[in-house]
Amino acid sequence: MARAKLIGASVRRKEDPRLITGSGTYVGDIQLAGMAHVAFVRSPYAHARIGAIDASAALRHPGVLAVIGGAELMDAYEPMPIGMNGEGGSRGAASRPCSHYAISVDRVRHTGEIVAAVIATSPAAAVDAVADVAVDWHPLPPIVDMEAALAPDAPRLFDAMESNLDHVWRCDVGDVAGAFARAHQVVRQRMINQRLAGVSMEGRAVLAQPDATTGGLTVWSSTQAPHLSRSALAKTLRLHENQVRVIAPEVGGGFGVKIGAFPEDVALGALARRLNIPLRWVEGRIEHMQATTHGRAQIADYEAAVDADGRILGLRVRIVADIGAYPVAADIPDLTGRMLVGVYDIPAADVEIRCVLTTTTPVAAYRGAGRPEAAYYIERLVDVIAAALQRDPADVRRVNFIAPDAFPYRTVVGTVYDSGEYARALDHALAVADYAGLRAEQQRRRAAAARGERVPLLGIGLATYVEMCGFGPYESAAVRVEPTGTVTVLTGISPHGQGTGTTFAQIVADQLGAEFDQVVVKSGDTATTPMGQGTMGSRSLAVGGGALVRAVASVRNKARRVAAHLLEASVDDIVLDEGRYQVRGVPDRSLTLTEIAARAYTDELPDDLEPGLEAINFFKPPELIYPFGAHVAVVDVDPETGVVRVAAFFTVDDCGPRISPTIVAGQVHGGLAQGIAQALLEEIVYDANGQLLSGSLMDYSIPRADDLPNFTLDKTETPTPHNPLGVKGIGEAATIGSTPAIANAVADALAHLGVRHLDIPLRPERIWRALHTS
């Protein structure tokens with residue numbers, strides 16, 4: 001019987017049994033002898049000077065071991081590193097004096113900033129004592145509005161800076177003035193991309209234990225990137241990297257908000273070393289809203305010069321990006337600029353993105369990180385253009401698409417796309433959704449409404465997207481065939497829901513001849529895994545898989561040499577076929593991997609063949625990769641209440657070859673939920689004083705199962721030339737395409753009533769007011 005191929009097969013996830021039975025171990029589950037617990041005293045002010053801290057009442061609480069302020073730890077560490085919490089590289093050290101200590105001294109710049117730590121014998125005792133730490137606050141003027149923060153007389157966050165402007169990203173290419181001069185029409189639109197919270201199922205958590213052997217630390221952390229976290233901790237705590245071991249056990253979601261080192265991580269390390277005991281902190285949900293980095297937070301003004309067919313001749317774009325109190329990932333708005341034209345062949349663009357500091361929680365990576373913003377702007381703009389010209393939105397997209405024979409394609413802003421067939425994806429999505437039938441039903445409903453019948457308003461929204469992912473600079477993998485033929489994979493990526501243990505096992509089974517159930521993938525421990533960059537930016541398979549394929553190839557080649565010795569054949573004649581190493585054309589002369597491994601760990605080998613069957617490899621991607629797709633959203637809008645119901649959602653996503661279709665579908669489902677939630681529900685809101693008005697899940701709305709329809713998923717397949725598997729990322733794609741699709745659908749539902757544009761989130765009140773004031 002032929003052995004079934006596993007690459008491309010839908011298999012059960014290897015990770016699920018332990019997770020759904022509660023057998024997984026998270027940071028909050030770990031118990032160490034002598035462990036104490038930490039709770040933090042946080043600023044209630046968005047901007048204030050820190051005066052005297054009186055901990056006497058807190059120290060009288062039963063179980064409280066110590067209360068330590070920032071001044072007491074200043075000699076234990078460096079200020080927090082800047083640029084650690086983003087995707088696609090960082091600026092490294094701060095270009096301006098915009099940092100602070102893990103436990104802040106002198107001044108705070110957002111609510112929730114840490115000013116002291118309470119250490120106690122239980123989490124409850126520590127939390128209770130926090131309320132009795134008295135801080136002499138000296139409030140300073142807050143600045144919450146990102147545009148107001150740019151004013152010359154705005155309160156400055158950092159005295160050493162001349163303004164709150166961190167940096168400006170600019171691009172002025174092509175004949176923009178000429179494009180606008182010859183335009184049939186100029187279309188303008190202001191759009192807001194609201195601030196969001198990550199809301200991972202598991203919050204951040206850190207457990208730090210002094211290590212007497214190295215004089216350093218072992219740190220268990222709910223992190224997406226253990227090696228990056230280790231590097232940041234070592235640098236900040238003035239330790240060598242081999243003195244710090246970071247372990248990411250089970251991690252309950254990340255979405256970008258668990259990249260890099262946070263103040264709590266550094267504080268736990270310094271406190272554990274100072275007190276010489278293990279210390280743990282587990283984030284509460286309100287802390288998550290206050291202190292874990294946020295995402296998005298931009299305001300964009302777009303002008304498009306278009307011809308009579310809707311072809312975009314040129315763009316003028318001005319974006320203000322709120323990066324919060326500290327520039328922990330200030331390069332993320334730059335990614336918005338690099339993906340600004342989307343899937344369209346636009347010859348001229350004048351772009352300016354100003355990144356501004358405000359007295360709010362820092363903004364960093366959140367699922368898509370800069371690319372969802374770009375897709376939202378250009379896809380909404382295309383629909384606004386279609387409405388202005390009274391053309392079908394699909395037709396306007398088609399006349400602007402980059403042609404499939406133009407790849408590799410350099411956009412006007414300098415980004416080089418690897419491959420794409422955007423019209424094919426859109427046409428397939430329209431066919432799957434029965435676009436013509438939906439338009440006919442929309443006309444039927446509008447006619448019924450005109451007759452006075454009470455019917456929901458039907459809206460159909462399109463979005464065609466492209467994103468960048470597969471960030472380097474490299475990734476690693478080690479593959480070891482054990483003497484019994486089982487296989488252990490050690491990877492530098494650090495999955496937290498991506499199912500990489502399953503996908504990697506499928507690759508190893510097919511390309512090495514191992515049994516799928518006998519492949520174990522290990523990750524997340526800097527003491528045992530090769531140096532890696534972690535999991536973010538849809539890079540696990542594209543970059544981590546590239547390293548794995550190289551390591552597997554090295555092991556396979558050695559297995560062929562061992563097989564050639566055992567079968568008395570030339571190594572050039574040994575092929576892996578149907579899971580067996582055989583002499584080419586002679587299937588009866590063959591060996592299993594188990595049989596080869598048994599000999600590989602003996603001294604019965606030729607002199608030119610060393611024992612063992614393992615390899616470690618690194619993969620450096622030559623370029624980024626660019627998944628793309630097309631989404632069709634169908635919504636019903638109740639004209640009397642403004643409530644939006646997502647009636648149907650169709651996706652055609654192109655991530656290249658699919659190693660594990662089940663895992664791809666899961667990633668798409670999750671991405672759609674988050675993208676739809678941005679369009680309809682989620683928003684971090686501050687008042688003018690910098691106080692969070694959406695600081696808990698009582699106020700910050702996230703989607704429930706009954707907010708979403710059954711999704712219809714489909715695909716096209718366009719490989720990339722930039723990695724050995726030809727794969728592109730899928731983790732962020734659905735989030736990027738779904739937000740503009742829903743926004744366009746709601747706008748489409750309201751268009752005949754005179755509503756041109758509404759900013760997201762499209763809550764019922766906003767829609768109701770538009771309907772009753774338009």
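User: Where is Pro473, and what is the omega of the bond from Gly472?
Analyst: Pro473 belongs to the loop between β18 (457-466) and β19 (475-481). Most peptide bonds are trans. The bond from Gly472 to Pro473 is cis, with omega near 5°.

User: Is Ala297 buried or exposed?
Analyst: Ala297 lies in strand β13 (residues 295-306) and has a positive phi of about 65° although it is not a glycine. Buried means under 20% relative accessible area, exposed over 50%, and partly exposed in between (1.4 Å probe, protein chains only). At 3% relative accessibility, Ala297 is therefore buried.

User: And Val199, buried or exposed?
Analyst: Val199 is in the loop between β8 (185-196) and β9 (205-211), and its phi is positive, about 50°. Its relative accessible area is 15%, so Val199 counts as buried.

User: What is the distance between the end C-alpha atoms of helix α13?
Analyst: Helix α13 (residues 500-512) is mostly covered, with 13 of its 13 residues buried. The expected span is 1.5 Å times one less than the number of residues, so the 13 residues of α13 should span 18 Å. The end C-alpha atoms agree with that, being 17 Å apart.

User: How confident is the prediction, and where does pLDDT stay under 50?
Analyst: pLDDT is the predictor's confidence in each residue, from 0 to 100. The mean for the protein chain is 96, and 98% of its residues reach 70 or more. The stretch where pLDDT stays under 50 is residues 89-95.

User: How far apart are Asp75 and Trp169 in space?
Analyst: Asp75 is found in the loop between β3 (64-69) and β4 (107-108), and with a relative accessible area of 63% it is exposed. Asp75 and Trp169 are 94 residues apart in sequence. C-alpha to C-alpha, their separation in space is 36 Å.

Notes. Residues numbered from 1 in each chain as written. Predicted model: local features only at pLDDT ≥ 70, side-chain atom pairs only at ≥ 80, totals over all residues. Heavy atoms only, no water. Contact = heavy atoms within 4.5 Å. Helix = DSSP H or I, 4+ residues; strand = E, 2+ residues; numbered from the N terminus.
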